[in-house]
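Here is a note for a colleague who is coming to this structure for the first time. Please keep the sequence and the model in view while going through the points.

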Amino acid sequence: MITENKAPRKRGRPPGQTAQGAAARDLLYATAIRLIAERGFEATTLRDIATEAGVSPGLLYRYFPSKQAVVIALYDELSSEYAGRSAQLPPGKWRDRFIVALNTSLSVLKPHQVALRALTPVLVGDPEEGIFSPGTAFSRLRVQEVFERAVAGASDAPTGPLTAALGRLLYLIHLAVLLWWLLDKSTNQRATVALVSLVREFLPSAALALRVTPVRRFVLSVDELVRAALLANPAAA
């Protein structure tokens, strides 16, 4: 059962890591993200990262044995920050809580937009390091839980398995908006602002539709397909 006040996983220095080691790791991570943003994921090599940071390749490999490790670290950092900032959603209906969760996600990701754009092919299409890969499920589930809580803790939360199913559906809608945001080339990303506004306007009608039995069954059926096709460990989701 999902509780409203569940705290995100605490972050900090790994056990046994010195302050000097943490500083070296942070420098290498920041350098890697910057180079990926500037050159793209494929064009950036580990040797480039080590050279730019002014360290030996051996030191880099100690913290990031592959570029994929950098991507996983980015997932971890962003999902942890998002979970922390979304730990307390405002009371209200699920549609209003969803919009808060969505806007919070956009706010957390905005400073990293250039790097995320460079990583879009990996995020979407890589079966090993993408959003839906088993290796990055820890970050996805951390974010997905926010949307499940947005529904479960709402004043109009549906009953039974529809609660979790709706939360997962909203999580996927959130991912679709994020992809739009990454690809949006409009001035000041006005198209993304407009899309979020359209979603907000549609949600009251969606809430009414969920009162209809065939619609509820449809949502549950779609959720089952999504868990089987995209989400890691579907039986446990």
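1. Basis of the note. This is a predicted model, in which local features need pLDDT of at least 70 and side-chain atom pairs count only at pLDDT 80 or more, while totals for chains, interfaces and linings use all residues. Residues are numbered from 1 along each chain as its sequence is written, and side-chain values use heavy atoms, with hydrogens and water left out.

2. Overall fold. The protein has 11 helices and 0 strands, where helices (H or I, at least four residues) and strands (E, at least two) are DSSP runs numbered from the N terminus. Of its 237 residues, 44% count as buried, a term that means under 20% relative accessible area, with exposed meaning over 50% and partly exposed in between (1.4 Å probe, protein chains only). Among contacts (heavy atoms within 4.5 Å) with a separation of 6 or more, 70% are between residues 24 or more positions apart.

3. Surface. The accessible surface of the protein comes to about 12500 Å², and 60% of it belongs to carbon and sulfur atoms; accessible areas come from the Shrake-Rupley method with a 1.4 Å probe, and for residues only the protein chains shown count as cover.

4. The whole structure holds 9 salt bridges, each being a side-chain nitrogen of Lys or Arg within 4 Å of a carboxyl oxygen of Asp or Glu. One of them joins aspartate 76 and arginine 142 at 3.0 Å, N to O; aspartate 76 lies in helix H4 and arginine 142 in helix H8 (residues 137–152), so this pair ties together parts that are 66 residues apart in sequence. Aspartate 76 counts as buried at 15% relative accessibility, and arginine 142 is buried at 12%.

5. A second pair. Glutamate 52 and arginine 34 also meet in a salt bridge, at 3.1 Å from N to O. Glutamate 52 is in helix H2 (residues 46–53) and arginine 34 in helix H1 (residues 19–39), so the pair ties together parts that are 18 residues apart in sequence. Glutamate 52 is partly exposed at 40% relative accessibility, and arginine 34 is partly exposed at 34%.

6. A network. Glu148, Arg168, Asp223 and Arg227 are linked in a network of salt bridges. Within it, the closest N and O atoms of arginine 227 and aspartate 223 are 3.2 Å apart; these two residues are 4 residues apart in helix H11 (residues 213–229), and therefore separated by about one helical turn. Aspartate 223 is buried, with a relative accessible area of 6%.

7. A buried lysine. The nearest side chain of opposite charge (Lys and Arg count as positive, Asp and Glu as negative, and His and the chain ends are not counted) is that of glutamate 42, 4.6 Å away. The side chain of lysine 67 reaches the backbone oxygen of threonine 44 at 2.9 Å.

8. A nonpolar patch. Val124, Leu179 and Leu183 form a nonpolar patch on the surface, with about 270 Å² of accessible area together. Patches are made of residues with over 30% relative accessible area and no salt bridge, like charges being joined within 9 Å and nonpolar side chains (Val, Leu, Ile, Met, Phe, Trp, Tyr) within 5 Å. Leucine 183 belongs to helix H9 (residues 162–183) and is exposed, with a relative accessible area of 56%.

Conventions:
A polar contact is a pair of N or O atoms within 3.5 Å; within protein, one must be able to donate a hydrogen and the other to accept it, and residues adjacent in sequence count only if both atoms are side-chain atoms.
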